[in-house]
Amino acid sequence: MEIGDLYVRVGPRARGDGFPLTFRWLTLDGRRESAMSPVGIRVDYAQEFLQALESHVREHQAVATRTLLLDIRAKELYRVDWEGAIQSISLAHTWNVVRFADRSDQWVAVPFELPARILRAGDASADLPTEPEVRYFRLTRLYGPSTDELTSALRRGRFDIAHVTGSRFFPHFFNQSEKSGFASETRPSAQKAMSARTLLRALKAGRVRFLILESVSGPSSTVDYTALLEIAHFLQAGGGPTTAVFEQIDRAGIEDLYMHIVHDSSLDAAVWKAAKSARRAAIFEAIGGANVLSIRPVAGRMEFLARRTEEGLRRIAADKGPGGLVGYAFPASPLPPSKLEARASSVLTRIYDTSHESGAWMPLPGDSQELGEIGKEVRAKRMAMARVLNVGLWQEGSPLSRRSPIEPAHTYEVVVSVAQAQSWSLVKEKDARPIPESELQDHYGEEGVPLRVVVSAKGFGPEVIEHELLLPRPPTGSKLLRIPVRAPKARGRYRIRVALYHDNNLLQSVLLHVQVGPASQRQRGPTVTAEVEFALMDSVVDPHQLPGRTVNILCNATDDGTHTFQVVGQALKKTFDFGEGEMRTAVDAARETLNELAADRSSGEQKYRFDEKNVGRPNQFEAGLLKLAESGYALFSSIVTDQDRAFEGELLAALGNRATIQVASTKSARYVFPWSMVYDHPFIVGVSKVVCPQFLTDLRTGIELSTAVCFKQGCPHRLDKTVVCPSGFWGFKHVLEQPWSVKAAPDPLGPSTIVTELTGGPPSVLLGGLVALSRDLSPAGDHEKEVGDPKLPVGKAWHLLIKDTKAEILLHLQAAGQLHLPLIYFYCHGKRAGKRTWLGIGTGEELVPGDLKASEIDWRGASPLVVINGCHTVDLTPDDLLNFNQVLAWCGAAGVVGTEISIPEVLARDFAMDFLVRLANHEEVGEALRSYRFSLLQRLNPLGLAYTPYCSASLHLVRH
């Protein structure tokens, strides 16, 4: 459904001869719906309906209608020639009529593979030539098939299109005598009849996306066009595919139909263009059904991969040229000839020509397959020249293999270098990730750039070691860094982590899994394995895109069910493990406190505790802040407890009054820590407390809270255990970021990047974005209007496409890269059933992580920011949404802004209206979130702590 469409539902007979009518316009300012009293519609040409329709259109004549979506739910009206009748009214000359089902088409989420497969079933006399209209398809013909042959072909063939026609075909196969709601349309026949119900099952089993039913006149034909309409309605009601029905269409019309499909017209448009060659025609579809054969996502992905391949070839040429520098030197001259480049040239040319053909199906699977093979070769050549983090375990000057015994209490060396992949490295070459050469370019001195290597090995001696590794300019590799360690005395499985930092950014972390045991003990499998558990990036677009961080916290789940934090600052390095149970208790308690602060659930429903402008009361604010501080201090204590006494002081000294904290969650991390809720001022339970008087004084003056004394200079009452100050919470005091590892989004064609820039297009146009809306949220319509209101700041900056069905949402998610949308915004709710979690979208529809994967969404090159504004997601925690984060990273998103708790709609709408404006004003995400927290805090509302960024804090919009 698009802006300007008119949806008309004709309900089942209400009373007498009347059928209730509902009209719904889809307009820029929301949906207008009006239900009309039942009117007496006759089964013939339904003049009363046409009069009501014409009257309604005249009443809203300002609406430029594109398509009439006709949802017929009265079986008595299936056979009416609505298309011909509607074209007769005076305002309908520009309309296309679609017989519509108000549900999402199941196939819109599943991209198909080229070439599309057609089953052509009918009489030989009605068969189609192979040229020119079907040359881009894989065609299978059945001449006068039996019932079993047709059923078997549909079930086994996995056809995208089923095209059924013939003068004697339909009477043999469509027996409506069973309880299907249709009159009989068959004469006695020697063949076993096929019912519409049987056909529906076969179509579903065969995964048919588009069905063409063609009535061809003949001396023995007994099935007329209106009977096919009835069959198509039955298939539609049962969840069948998009269906076109034609009466006596000629060959030119069929050629037009297929060629319009080849050139990526929507199916409804293709049918209506071809219908000029038919006596009558109708199209049946559900939401998104017109696009189930769309080539745009396929063509867009191929063009992107082509550009990445071309870029890889340029880099190879630069690397091997005079003075070439790996990763960031690009030649201005044409590519030097080579076998690989010559092979790629014709494929790239064809794919780029496709874009000039409006997405036509010219790049057949051969091109796609060849492009993939070329991409693998390009990556292999680039990886052979790239510098990576090599890590090995040596003894007495010689490298150990993966099966060498690691004996208790023996001395070994952890050997580290940044160079081309080395044969002694325990990191397999296929798993290695290049270091970010582009980012380091501006940091080289005469001798190179210093990198920080932190080796932590619990049970080994020493457990934490730090060294400097001097990396020379490329392509030269670093010298070997040899770090002696002593193996534990006890046998068992241990871990050695080698982390590479630059300015407290964790560039890469390699984890060695080591089995310690005597050489005489027979080992099963390797004794040492290595994995790249985190890689911040392989490269960046801009050398200045990776500013320094104050403190880095690496989070990792261990083999024995415990978890690891590794904290690194300028003069700080500490690694410690903790049991999941002890940490989970503190995390759950903190989120429950935030939930209770947000809503009263005593009645079984969530009642928001703040007013419609998210303003709190002074006594409510004080009581809530004290509870949050108690929970937040428990989180802080869980970090520093059981560590040496100096660690707490070192950590607080490193953070100061304002810091940027980078949290690097490895791929094994199984839950999300609520870092914004950590409270680091001393807190004793049971001691009477008050809110910081200095904060309250500054609050009353109305100054910008980020400039208040407690945040700018440090709270003067910090050590007073009877005072609680908002400046003790990390979410207010510091800027937090949780960037994804590029390990979550492997790119077969070249480097992956940490995204710090969202491309917003030229300043002369509004920013583009997609809103995935849940109609199950009561104020969804109000929020829809306010984000699109051109008089409000969001509407002045953004043109947001609002979609409220799963089919439309998935279609636009697929196209977001081609549409260059920097923002994907989910205004939704979430639920869980057992281990299954989903986002509620549309009206009662579910979006699970697998839907995004199955849709083959590819945002690389566009990399939008995803905002999940989760209302009433009390059933879910951020841990439950880790799967969504992982799949969104795989899709190529720049990051996600999510919530720690269930967010009331009033707060969710307020956040969106604030954050989207800040984003449009080029504020960095980290600062924008912190500023929003302050704006709520100014209103005596601490719930800004509920929003969390899973991206670079430096992420911001740019306009070119």
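**A sheet, its tryptophans and a kinked helix**

Modeller: In this predicted model, four antiparallel strands form an open sheet in the order β13-β12-β14-β17.

Colleague: Which are the edge strands?

Modeller: The edge strands are β13 (398–399) and β17 (481–486), each of which pairs on one side only.

Colleague: And how many bridges join β12 to β14?

Modeller: Seven bridges join β12 (residues 388–395) to β14 (residues 411–419). Trp-394 has Glu-413 in β14 as its bridge partner.

Colleague: How many aromatic pairs does the count come to?

Modeller: The count comes to 22 aromatic pairs. Among them, Trp-394 and Trp-424 form an edge-to-face pair, 5.5 Å centre to centre with 80° between the planes. Trp-394 is in strand β12 and Trp-424 in the loop between β14 and α12 (437–440), so this pair links distant parts of the chain, 30 residues apart.

Colleague: Are those two buried or exposed?

Modeller: Both Trp-394 and Trp-424 are buried.

Colleague: Changing topic, where is the kink in α21?

Modeller: The kink in α21 is centred on Leu-813 and is about 35°.

Colleague: How far apart are the end C-alpha atoms of α21?

Modeller: They are 19 Å apart, which agrees with the 20 Å that the 14 residues of α21 (residues 806–819) should span at 1.5 Å a residue.

Colleague: Why is α21 described as largely enclosed?

Modeller: Because 11 of its 14 residues are buried, α21 is largely enclosed by the rest of the structure. The buried residues include Leu-810, His-812 and Leu-813.

Colleague: What follows α21?

Modeller: His-820 follows α21, and its phi is positive, near 55°.

Notes:
Residues are numbered from 1 along each chain as its sequence is written. This is a predicted model: local features need pLDDT of at least 70, side-chain atom pairs count only at pLDDT 80 or more; totals for chains, interfaces and linings use all residues. Side-chain values use heavy atoms; hydrogens and water are left out. Helices (H or I, at least four residues) and strands (E, at least two) are DSSP runs, numbered from the N terminus. The expected span of a helix is 1.5 Å times one less than its number of residues. The bend at a residue is the angle between axes fitted to the seven residues ending there and the seven starting there. Buried means under 20% relative accessible area, exposed over 50%, partly exposed in between (1.4 Å probe, protein chains only). Two strands pair if DSSP finds at least two bridges between them. Rings of Phe, Tyr and Trp (its six-membered ring) pair if their centres lie within 6.5 Å; planes under 30 degrees apart count as stacked, over 60 as edge-to-face and the rest as tilted.
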